[in-house]
Structures are given as structure tokens and as C-alpha cells.
Number of protein chains: 8
Amino acid sequence: MEHLRLLPFEEIEEAMVDHHRMLRCGFPEVVYGESKNATQIIAIMERIKESGDNILVTRLNERKYRIIKDYFPHAQYDPVGRTLVVMNKPVEILGTGKILVICAGTSDIPVAREAVTTAEIMGNEVELLLDVGVSGLHRLFSKLDVIMSANVLIVVAGMEGALPSVVGGIVSRPVIAVPTSVGYGAGLRGMAALLGMLSSCAAGVTVVNIDNGFGAGYAASLMNRRLEAYEDPLP
Amino acid sequence: MEHLRLLPFEEIEEAMVDHHRMLRCGFPEVVYGESKNATQIIAIMERIKESGDNILVTRLNERKYRIIKDYFPHAQYDPVGRTLVVMNKPVEILGTGKILVICAGTSDIPVAREAVTTAEIMGNEVELLLDVGVSGLHRLFSKLDVIMSANVLIVVAGMEGALPSVVGGIVSRPVIAVPTSVGYGAGLRGMAALLGMLSSCAAGVTVVNIDNGFGAGYAASLMNRRLEAYEDPLP
Amino acid sequence: MEHLRLLPFEEIEEAMVDHHRMLRCGFPEVVYGESKNATQIIAIMERIKESGDNILVTRLNERKYRIIKDYFPHAQYDPVGRTLVVMNKPVEILGTGKILVICAGTSDIPVAREAVTTAEIMGNEVELLLDVGVSGLHRLFSKLDVIMSANVLIVVAGMEGALPSVVGGIVSRPVIAVPTSVGYGAGLRGMAALLGMLSSCAAGVTVVNIDNGFGAGYAASLMNRRLEAYEDPLP
Amino acid sequence: MEHLRLLPFEEIEEAMVDHHRMLRCGFPEVVYGESKNATQIIAIMERIKESGDNILVTRLNERKYRIIKDYFPHAQYDPVGRTLVVMNKPVEILGTGKILVICAGTSDIPVAREAVTTAEIMGNEVELLLDVGVSGLHRLFSKLDVIMSANVLIVVAGMEGALPSVVGGIVSRPVIAVPTSVGYGAGLRGMAALLGMLSSCAAGVTVVNIDNGFGAGYAASLMNRRLEAYEDPLP
Amino acid sequence: MEHLRLLPFEEIEEAMVDHHRMLRCGFPEVVYGESKNATQIIAIMERIKESGDNILVTRLNERKYRIIKDYFPHAQYDPVGRTLVVMNKPVEILGTGKILVICAGTSDIPVAREAVTTAEIMGNEVELLLDVGVSGLHRLFSKLDVIMSANVLIVVAGMEGALPSVVGGIVSRPVIAVPTSVGYGAGLRGMAALLGMLSSCAAGVTVVNIDNGFGAGYAASLMNRRLEAYEDPLP
Amino acid sequence: MEHLRLLPFEEIEEAMVDHHRMLRCGFPEVVYGESKNATQIIAIMERIKESGDNILVTRLNERKYRIIKDYFPHAQYDPVGRTLVVMNKPVEILGTGKILVICAGTSDIPVAREAVTTAEIMGNEVELLLDVGVSGLHRLFSKLDVIMSANVLIVVAGMEGALPSVVGGIVSRPVIAVPTSVGYGAGLRGMAALLGMLSSCAAGVTVVNIDNGFGAGYAASLMNRRLEAYEDPLP
Amino acid sequence: MEHLRLLPFEEIEEAMVDHHRMLRCGFPEVVYGESKNATQIIAIMERIKESGDNILVTRLNERKYRIIKDYFPHAQYDPVGRTLVVMNKPVEILGTGKILVICAGTSDIPVAREAVTTAEIMGNEVELLLDVGVSGLHRLFSKLDVIMSANVLIVVAGMEGALPSVVGGIVSRPVIAVPTSVGYGAGLRGMAALLGMLSSCAAGVTVVNIDNGFGAGYAASLMNRRLEAYEDPLP
Amino acid sequence: MEHLRLLPFEEIEEAMVDHHRMLRCGFPEVVYGESKNATQIIAIMERIKESGDNILVTRLNERKYRIIKDYFPHAQYDPVGRTLVVMNKPVEILGTGKILVICAGTSDIPVAREAVTTAEIMGNEVELLLDVGVSGLHRLFSKLDVIMSANVLIVVAGMEGALPSVVGGIVSRPVIAVPTSVGYGAGLRGMAALLGMLSSCAAGVTVVNIDNGFGAGYAASLMNRRLEAYEDPLP
């Protein structure tokens, strides 16, 4: 711990940007955009830029983006997934296989796109399957070869959240279930899907928070990585 | 209403047995055994017996059954579905097609059996499919012909309750979803399955209360019946 | 399954429109308008139009409708029920009897209208009874003949959701209960009505999600249909 | 307040019996038996007996009763309502009219009986209507004259708890709704009935806690009483 | 019931105004304004005006009021309690005593005012005590004489909802507790207050829905009325 | 941290007893007895005894105590508060003032006693006030001098949990509110009291978990202590 | 109590400002700004100003502030913590030690600032630690000396709310945990953090309502104060 | 799918044992013992034994074990983790690294042991760290080298469930969080820990159901495996 304490980090007024996290993780810096205003986000991005790392901003609405793009004109914004990416250096592929993101319904696409972007910037080959919900299983089965070839699977579903159980019953690879807040009434803003996924009868399924596409993409990256890739950057 | 008020019904101390319900419905009398002791159940059964109707007792544990069988030695008891049936006259087939009860897991069988017994005594041909959960869909698909031939389907499932969505996406017949209290933790004693089924992405699915096999069997019987069968007994 | 996999369906960017569902169901294509923007809805409608099927768009607000009507000038919009209907071919009556939609209060009318429109476009004779809540039962009893003549009943109610129990105690036909989010405080945005309907003391009542008028109309159509009507379109 | 502070009350180890509450209320002393053992209950009863007041013990199981009856052989125990009454002086009728307790189902009877006993010992004429649930309304309407003649009504119902709305729509007198924990699954141990009753569309309905027959009987007594009866005992 | 069925009531498109309810109750017509637009409210008010009854509109925001006042220029609007009153005939005092409305905090005043207006138009003498919460009990005790002289008490409180227990422990008259949605976080939009009031240790307290000032005023009016006043208008 | 890592602690199979916590805190060792069997508890107590510290076991039922007392014959057991105390050295008074525990109802006494015992063994003068609930406030006010003289107050209450707000409005000292699981139905096993206390309108009130008398006693001890008493044992 | 009743307080229409609370507490007057409009707040502030006390307004948005500042030009507004302070006399340091406010994440800062301002105006030395969450513990440990020197600690955290347990395991001083509504989905608007903090495995932690920075600052001030400071102002 | 349908599986009365799951997964057969009686479990085990696979029975209480051991005398039973293992062939190490199970408190050990046993029988090297909760972080930091060397981590914690966030902030490997039902009151039988873990501020954490040690061990095995190991058994 004596060691950890001496690692370089800096205090700034509104957010302590933690450079050595990148050292520990080999991952880019991530800024959660939801509860920060454009000025705060720009300040943090400027600090990260100095370090040369890539930057991922999540939950960024278009209004904030229009302010930020004057300062970071080369940043790539995805209005569906609400992510902003600044590439300060090329992404190196660190994953051992492919990460497959399966999306149950049209309304779940924003969360799925956040997962795709996260996994890509963290060094993975990623593929996205759209609109393959449980009530039309022939769509799912027409993609069986794609599904069977993935190393880690992220399944994004709202409403009753049944898709991860179905996928988890087909493959023998880690499945990360992402409930979405899509639906209404008894869906309880995603709680029905969340509780269902946690109660899944298919073993091998683990769950992240409602709408947490970033968390799923991040966790999938850790699962897809060689252990060595992780140990290298440790001093 | 003046008419309805004059229909014959009798007050007894602990339960008013309502004979003209049978007149209205063409169905047997049903006794909910959970919150009544053996003495009360016997008293009610004796009254019904006089009318010559068939009797269905639900949620009857073995301890109460052992007392009752001395008074109704010909009653048929199902220790798994916890139902007791007294046949005072033959059951006439009133349904237009077959009712199929699909049971997701081993632990859901008691609820499925309650549904089967209810639908049978109400004049239906009934078939039961066991252990065809979402995490092993090939089991489901091996029974596709049976599933496609049913007029009404009852799908019994605990845990994440995903099976009704899958079945509802395959058939174009009414699907009654029955959540069960099987599971633990985030299953919330059946609430996860219930909320999931209500949020089902498959249209045509309707839901009954947790563990309510009787209600599902009864509703399926109404759906399976010709309208005429219902209009006949009306005065 | 081999067969199902080869059925024609097409991938488009934002939504895979599933034509063979119509083949399976004999029903029109349905577009859930809530979480799609006008552009997406128009794109999907254009694809469906090519197939010659009728189109039902649900949960469509007036702002989106004003954009869509330039592209589909003959579409019929119901601002109360928030549905849009495009008739590409006449509706054939497939139901065996009448579907009756009973609406407890003034505020429940939008949900009831969504159920009526859905059942009508799916080939049923539909009747609507307005404002016949439990606290004024003489209104209900003045319509007893209408109620007794229906083949399937949909009961729409918010607040305490007591009406389905009353109706279910009168008729011997399937009753679909639709809780609405009308009410406040302890009504918990429709959860009180939902839980009450699921706990109904009247057998034969099944329940759909809060405010799900479409689901109720769809399920009622399945219950009202002859089994043959369903088997015909199967290859 | 100086005055209130000087009123006689006594501390005993486990429970401070509050004599002047009787002075304020003109009501008997009440002991809540659920969380006290027989020894504690007897000790409290002995203290009350000295004051000459009548005693009502609620939520008393038979095991405790068998111990207590050796000390209070003239006490009247109701094993259904689980109440014990010791009459140290005759009950004076203080109510201005009749209190009617309406009980929806067989399983709700214990709670209804607790309400009846409470209202009787507090000086009211009480009548009890059994098993008149919403799914069989003709039973309710056959008793319309009894219902219309009551001054205060207590309606006890479990499951969906719809009966108070129906009764509240018929009468123009105060209706106290008592949800019971009867039911299962979505009934949530009485919460569904409670939430439904609070959301009742019938004005004039007020609600007490789940299974709180005593509270309903007590509140009904206050409503049925002349204001003078209350002002007399005030010093 | 034959009789009730023949009583005059009229169907209009959006709301069946029920004139004989006034006959039954001796009360004015009430319009719930929340879920109706100004046009609908005006239509209903016009119909009631013809009958000569007084009108109470609740939950009416200022925007709707500004439209309505052109049609009903003599209507009295209370922007705090959000009620609109149209006096077509003088209010006759029907209550036997005074109704006291006690309001715990500044933020609870709108609900308290709705209760006051409701009770007044229904023929009661009403008094309002402001800002006498549990955390400053000396305020409550300085009004002890006012509290002791009321026939029925309405206690309006948000946050922890403790005031009804305190008041219920002082008086021996009916206390109607009204939880309000005031508060935040663990207050759960009034659920904490509601649950607390239902669990009140003071007998004689009954509860209405969150923010339901109207329901409390209505129920208090029924409690405050002589039984005769109710029986007179019955045919 | 290097330092902390070297502090002496020992691994044993089922529980790592942490001796330096005592060094840091100046407090005795505490064993949570609920989820451990008698054998495990005795093993842990033997280890602590060697260190010479005092021992407090909480949530210990009588059955386990009867086994333990053979090994620790001088241990003092409180069957009401379910605590066991072993005094290996005299308790030194470290508190700056008196801790007052106020108990709302008879059924809350076990939790109050756990708080008293905890605070006493941690070096405080403690006083206990019994049965002073909100519905009988004169009892509370008769003890006003005792209440005003306390340095820290613990208020234990179930049901609606209103007492902490009342006490917090009287004193200007820290008030720790302890909700209890006493009550039923809408009390939700203590959640109603917990939510109410968190929503308290009286500032200065902080809350611990339901039935957590130990936590309240422990926190009160920290609040009652001089800062110096804490700094002394730090190396 | 006779005494308390005679203490000076004044009724004004919308809020009874309670001057003697200051007498009892030695604290400034506090106005909760959330549910009051600017006019009401100004009226109350004017009354307090006459007494010469300091004023703290909490939950005040910028729109209201811009109106108020015309009347109180010297008031200090904090747009982050949303507090307004009017200093009518210098703040006297009454605390015995330092209060440390620890803030887990950037989004928790507004609540932390409300706590800081509250504790400062109540006469305490306060220090604020920013962005020291559980997932980067080296930040926390780099501040160990600051943490160990505080007399009372306030820990503000959203999401999983784990920080108070960590801090409570390090120090032996009172820790007040403040859950924040930061987060989404399963965070349930702060309920996850609240429930977690209440279940904390670290003894000595007490909890206030979600986002209640004021309550935490107020309670910390009471804990940090000498008992004498409190007894002095009592008459 | 044609292929999958033809794979060998057998129907038996109470449970369809699915042999080809093993083929797909390379894993042993697992029997969930909670809801099956000893006779059912033995029947299933006999069928599996014929296939030569290893057997894992979870949630098996001692009473059932005592019956089963007569039929499977060589089975190894763990009374703490409640697992039964029958080794029909040696376990082959398929994992690429070590799985570390970290257990927060003594009461969480049963769940942790279930995870250990599951991961071991599925071909992994597993290590277990006991009693390293957040309130005593020096214990955690004394094991930093063990923690850093694991390929996949399972963190088992009840109460506030904070440990996974702390561990997830230290390592850059997948962390599976397992909430346990340990705790009481606001812990809501594990829901507080579950919600907290889902809201974790540490990315890379995924969650399984409450007390689901088996699910965590199974998912960890999938994460720890080489993709090739999975592809081999595919036909």
C-alpha cells in the first residue's frame, strides 16, 4: 500500500483524474457525462489529453456534445449510444476472441451501442446482432454460427429480459446480461428485466445494472483479455 | 337483478355455498382448501354432494385429506397438485379443442398439475409437457407439433418466467402464463416471474396470480368453450 | 426449425420487420410507436406497405402523427387512443362472437380505445361500454344484457381495479383485466390495480400489463377466433 | 398540560397501564396480546381489574388463553376472533345507530369477529354479514335493507379488496375498509387489498391497517358516538 | 335493484354525470379535474348546472381555470388548494359539530385547503390549524381547547406522518389521517407517511390516500352528519 | 498502511478475531451471535478471553446460552435483550454525560435493553425510560427533566416510529432513532418506522437499522466520548 | 409545559416562524426552500432578520435566488450546494473539534457542500475531502491523517454507498452516512445506498435521509458540541 | 436446429436429464437439491451415473444427505456449503489461471464454499480468502499479492455488499459479486447488497442472484476457460 500511495495522481477542484488507473488497467480514461456539465467535462478531457491516453465519454447528450466539439473537433460522437470517443493513439487489440453484443429489441439499441463502443476502444473485435428477441426465435437461430463463435457475449434486453436465459442455454461462454429500462407498467423501469435476469435458469449468466452498456462492455473486455495483458503494465 | 336476488342460495354459518353459480357456469363447485380446516371443508362438501355436482378441492394438504377421506372414500387425491376430486356425475367434454399445459421446470410441476386437474374436471381434453425450460430450447422444439395443435396453452414457469414469451412467439392461440414462487433471492417469491410475464414482448399472453394453477385451468376452460355451452344454462 | 429459419424476413438498420409473423397469425403488422421517432416509423411503414398488409401503430403522439400523415395521408389517427391505422385491404371478420370492452372511468378511456381499435383491425365485432365503475353499480346492471351477450370481455380500470372481479362474477366467459395508471399516491401508477386484479376472487380473469390496451385487444382476438382460422395460413 | 401531567398513572415494570385513558374515552382498557406472554398479560389484567373497568385482550392465541382462564375463569374467549373479554360492569349503549360489519370471504371472518367484539364492548349495537364478496354481488344486494340501515359500516376484505368500493358507492354513511392478509402471491400479504382500498373510487371510505379488526371497531365506535358522550367524562 | 336501474341518469360521450348520486347523498356534484381537459370539465359543469346543484371541481390547475372562468365567471377558485366552487344554491349546515383540519407543515397546506373546501361545501362548520408539526409540540398544545372541541378531526402531514398518532392520543373523536407527498428520498413520495399512519399506535385513526384532501373532507362530512340527514332524500 | 498491515491479527478457521480493533477503539470485543452456533461462539470467546478484554455477545438465544454458560459460568445473560456479557476487567467510565434510552412500547423493550447493555459495557452512564409512546404524550412530558439532562439520546420505537421526531423537537442533543420490527401489515416488519424516522421533520436525528439496538448503543458511546479518549490508544 | 406554551411565537399566514427554537438550540433559523416560492421565503427571512439571528436557506434554486438577492443583497449564495446564508452576527465556534465531510464522487458534491455550509454556520470548523470513493482506495488512504484527526465525520456517497463502512472501520469517532440519489437503475434514486448504509458492517455509523446534507451537518454539529453550550441558553 | 433436436435426451417422469448439455459444456451434471426430495434426487443421480459423468448436487440439507449416502457411499458431502459431489472420473484442469473466492464475513461462508466446490469440480484451481470485510481493510490489504494473482475473482458479501467495489477498484480482472441474505431489517434478505453491487462504482463487476454461489462458480469457470476447451466437444 505504501507503494500505491506514492503513485502520481492530481487533485483538481471538481474531479481527481486518476492517471495510474490507466497504468493498472491498460485501458483508456472514462468520463461519466450524465451528471457533469460541458465545462467540467472539457476540463477533465484537457487533463487526460496531456497524458496521451484515449478518452471515452459516456451518457453525453447532444447539447453538451455541441459545446465540446469546438474544443475537441476530432472527437467521434454517436448520438444513438450517446458516447464520445477521442483517439489519441491507436487501439491495440488485446482480446483473445470476439465479443458479441446481442440486442433484443429496437428500443434497446442505445444501450447495445454503448457496450459496443466501450468494448471496441478497450481493444476488442466486436460484433452486433440487432432485434433478435425471444418472441421471434427463428431470428436468433438464423444467427447460430455467429453466436457460437463468440468468446464473450453481451445480451441487452428490456421488457421481460428473457433473452439471456435463451442465449445462456445455447452457448458455453460467459454471458453478460444487460437489462434496459425499455417497457412500462409492470416493467418497473427495468426492474422486471433485472430481477428476471438474476433469476435466470441458465448458469453462466452474470448481470450488470439497468441500461449499463458501459459496464457490460468493460466487464466483457476484462473477460476477453489474456491474463498476461493485465500483468504487464504493473510495476 | 330482481331475478338474480330470488335465485336459491343458502346461508350456513361458515360459508354460503352458492348453488346457482353452477347453474350459471355449467361448472363444478370449487372449494379453496388453504384457509379452511377439515371440518369446514367436509361440511361444505356434504352440502354440495346433495346437489349432485362434482367437487374440486384445491390447496389441500395431506393431513387434511386423511381426515376427509373417511367421509368421502371415493375422492381422488393428487398429493403433488394438492387437489381432491369427487365425481358425482361423469364429466362431459365441453371444450372445442385441446388445452396444453407446459411446465418449465421440475419444481413447477405442482402448479401445473393443479391446472391440469382443474381443466379436466371442467370438461376439457388436457395434455401436459414437462421440463421444457428456456435454457434448453431443443426440448421445446422437439414438441413443436404438440404445441401447434393446442387450442389454448397454459405455460407454468418460475425463476425468470421467460417461457411464455417464447411460446407466445411460436403459436397464435391464447397463452395463459402462470408464474410460480419457485426460485430464491431476486426471484422475490415469484414476483420476478410475474413482472416478466406481464412485460412479455409476445402479444397474446395474459397472466394469472403466482402459483394460481386453478385460475389458469379455469380461464383456459372458458376460452376453450363454445359460447353456446355457456348460454344454454341461462334461464 | 429448419423450416422456420428459411422463412422470408429482412434485416433493415433499425428494425427487422417480420413478414412471416403475419403469415403465422393472419394478423396485421403492428408498430410500437412509443420509443421510435417519426422517421423510423415511416421507414417501417413503407416496408410493410409493400407487403399489402394492414398497419397498426400504437402509442403514437400527435406530434409524430403530424409528420407521418404527409406520407400516409389516408391513415386514420385516434388522438384519444393514440393509434394510427392504415387499411391496405378490408378487414375480414374472423371472430366467433362479440368482444365487449368495459371502461371503469373517464380517465381509462384512452386505454379502452386502444383495445377497441386493436380488436377491430384484427377482425372482430367490438362494443364499448363507458364509465361503469364499481362505485355506481346500477350503471353496470343497466347494461346486463349487453354484458351477457359478449364472447370475450375486456375490463379496463384504474384506481383499485375492482371492476374485473365484479364482471367476472357475473359472466362465464373469458375476462381480460387491464389495469391503468390512472390514480395517484397509493395507486402506485397502476400497481395497486394490477395487484388487485391478479388477486381477484373471481375465477376466469386473466391480466395484462398496466395500460396495455393493445395486448388486451390482441389476446381477446385470439380467444375469439376459431382454431381453424389459425391453422389455415400455416404452410 | 400541567393538568394532564398530574393525572394518575402508574409505572409497572413491563407496562404502564394508563387509567386516565378510560377517563378520557369512556372506553374499556385494551391489551394487545400478540407480543406479550401470558404472565405479562395476567399482570396487566390484574391491575385493570382493580379499577373496575371492562377488559378486552386482542390477538390472544389459545395457548395463552388456557393459562389466563385459571386466573379469570369468567372471561369469554372467541377462538376465531382471538379476543378475550372480561366484563366487570355492564356495557352501556353509547352509539347513536347500528354498526354493520360486512365480511367478504370465509377467510376474512377472524378479522371481522375482532371488529364485532371491539365495537360491542365499546357500547354499540353490531350486526355481521358473512361471505358477501364482489364476485357474487346478488348476495350483497339481497341484504340491501340491512346495509342501508347502518350508521357506520366496516367492510373486511382480502384478495383484491374491492368490496369497500362497492359498498361505498351504495351508502352515504362512513365506511371503514379493513384489508386482510388473506390471499397469496400478488396479494402481497394484504398489501394489494390495502393499496386498492386507499385508491378506492368511492368517496367516504377510510382505511385501517391490514388485519386490524380492532382498529376498525374502535374507530367505528368513535364515529357512532354522540359528541356529548365524549365530553361528559372530561374534567 | 330494479328500482335503482330506473333512476334517471344520462350518457354523454366522455362522462356519465350521475344525478341521482346527489339524491342519494344530499351532496353536491364533484368533478375530478386532474385527468380531464378544460373542454371536458366545462361540458360536465354545464350539465350539472341544469340540475341546480352546487359544483366542486378538484385538482384544477390555474391554466385550466383561466379557460373555465369565461364560462363560469362567478366560480370561486383557490389557487393553493386547486379547487373551484360554483354555488348554485346556499349550503345548508348538515353537520352536528365542527370539523377541525390540522396541518403539520407549510408544504402540506394545499392538501389541507382541499379538505377544508370539500367539508364546507358539504355543509359543515370547518376550522383550520396551520403548521403544528410534531417537532414543535408546544404549538399543538397551545391549541388544545380548539382540538378538544372538534367533532371530527382531519390531520394532514407529510414526511414521517407522526401527527395523527399524537392527535389521536389526545382526543376521543374520529381522526382521519391524510398523508402528503411532501418530503424526498426515504419519504417515497408519501408512502412513508402513509405506512406510518396505518401503523399508528393510536386507535381511532383511519387513513385516506396520499394527498387525498377531498376524500378526507368527504369522509369527515359523512361522520359529522346526523343519520337522519342521510335517510331523508331516499325515495 | 504499512503499519496497519503489521498489527497483530490471527486467522482461525471460522472467524478472524481482530485484536487491534480493541486497541483502536478502547472498546470490548463484540460477537454477533445470530448466525453462529454455540461451538463457534465459545471458540471465539476463548480467544478473546486470553487477551483479557471484556466480551459482549449479542442476539444470543437461550438455547445457545445454556451451552455457553458451562464454559463461561460467570457470564451475565439478559434473556430480554438477548445479550451475554463477560467482564474480564472493570468498565471504566469514558463518557462525558448520560446516555438516555427511551422506549416507545412494551414490545420494543428487547431492542432497548440491547442498546442499554452495549452502552454500559462501553463505559457510559445509561438510563432507560419505558413505554412513553406518542399516543400518550403526558407520559413523555412527565419525564421532561430526565430527557433534558441527557447528553445523547437513543429513541426506540416500532409501528409508525413517530417518537424520535417528538424527542428531537424537544432536545438539542444528538438523537439516534432505532426502528423496531414490532407491528404488522403496513408496518412492513419495521420499514414503515425506518422510513418515517429517516423522513423526520426534526433535525439532529440520525437512524440505524431495524432492531439494531447494538448499533445505536455503540454509536451513542462514540458520540458521548471525549475525543482524547479515542486518541490515547493510537500508537 | 405551561412554560413552553407561553414562550413567544407568532402566527403568520404561511409559516409560523419559531423564534424560541433558536433560544433552545443556540442555532440560526433555517428555511427549507424547496416547497416555498420566493415571496414566501422573503417574508419569512424578513421576520427572522428582525430577531437578529443568522439565516440559512437550503434547497434554493438559482431562479428564486435572483429574486431574493434584491431584498438581501449581502446574502451569500452557493449555486452548487444550493444554500443561501445571511450573516446578521458573527458565527461563534461552539464545536469541540473538527467536522470532516468526505465526498465519494463528483456527483455527490452538492450534498456535501450543503453539509459543509450547515455545519459552518452552526459554529464548527469544517474540512471537505473530495472524490475519495471505494473503487480508488489509495486516494482515501493518502488522507489518513486528516481522517484520523476529525471529531465527527460525515460521509456522502451515492451508487452502492460503500464508503461509510470503510471509513467507519478506520476511525473510532461518530460517522454520519448521507446517501445521495446519484446513480440509476438498481440504485433506485438513492435507496440502494440508503439500505446499504443502514446494513453497514461497521458499528458507529448512523444514517440520514437521501440527499439530506443539511440534516447531516445539523446532527454533526450537535455531536461536536459541548453539553454546556446547549444548557446555557435554556431559561 | 434439426441437429440439436436429434441429440439424445431422455424423458423420465419427474425430470428430463439432459446428457448432451455435458457434451456441449464439458461440465458435470448438476442437480438443484432444494425443491426435490431424496427419492427424486437419487433417481436422477442413478441416471447420470450411467453416463459416467461427475455429479454435483447443490442446496442439499443433511436430512436428505443421510438418505442419499446409502445409495452413493463414496459421495463427498460439505455440510457448510450444502453440496454433494460424486466423482466418477478425475477432474481435468481446464482453467487458464486461478479463481479466487473472497468472503466478507463469517456468515457468508456457506455461499462461498458452494462457489469453491462448483469451480473445483469444473476444472479450476481455486483459493478461498475468509473474513476480509470492508470494515477491516487491513485484512484485505495483507492479502494483496494473492488478490493480484487471480485470473477471475468471486466476492461474496452480505449486509451492505461493499466489498466487490473495493476489490474491483484494485484488480483489472473480472469480478463476480455474490450478494448473500445475511443481515436483517434494511438488508431486506440480501436485496440491499444486491442493489448495491449492481450500482457499484467499480467497472468490471458483474452480479449473480442472492446466495447463488453455484452460479458464481459456474460463470467464473466459463471466464477462466480457454475458448478452445469449449469448441472441442462441439460435434
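Author: A polar contact is a pair of N or O atoms within 3.5 Å, of which one must be able to donate a hydrogen and the other to accept it. The model discussed here is predicted.

Reader: What makes F:N37 a cap of the N-terminal end of α3(F)?

Author: A side-chain oxygen of F:N37 lies 3.2 Å from the backbone nitrogen of F:T39; polar contacts are pairs within 3.5 Å, and F:N37 therefore caps the N-terminal end of the helix.

Reader: Why is E:T83 called buried?

Author: Buried means under 20% relative accessible area, and because E:T83 has a relative accessibility of 1%, this residue counts as buried. E:T83 is found in strand β4 of chain E, residues 83-86, and, leaving aside residues up to four places away in sequence, E:T83 touches E:L56, E:V57, E:T58, E:Q76, E:Y77, E:D78, E:E114 and E:T117.

Reader: What makes the relation between chain A and chain H that of a two-fold axis?

Author: Chain A can be laid on chain H with an RMSD of 0.0 Å by a turn of 180° and a shift of 0.0 Å along the axis, which means that the relation is that of a two-fold axis. In chain A, the C-alpha nearest the axis belongs to A:V207, 2.5 Å from it.

Methods. Residues numbered from 1 in each chain as written. Chains lettered and ligands numbered in written order. Predicted model: local features only at pLDDT ≥ 70, side-chain atom pairs only at ≥ 80, totals over all residues. Heavy atoms only, no water. Helix = DSSP H or I, 4+ residues; strand = E, 2+ residues; numbered from the N terminus. Buried < 20%, exposed > 50% of the residue type's maximum accessible area, 1.4 Å probe, protein only. Contact = heavy atoms within 4.5 Å. Least-squares fit on C-alpha atoms with pLDDT ≥ 70 in both.
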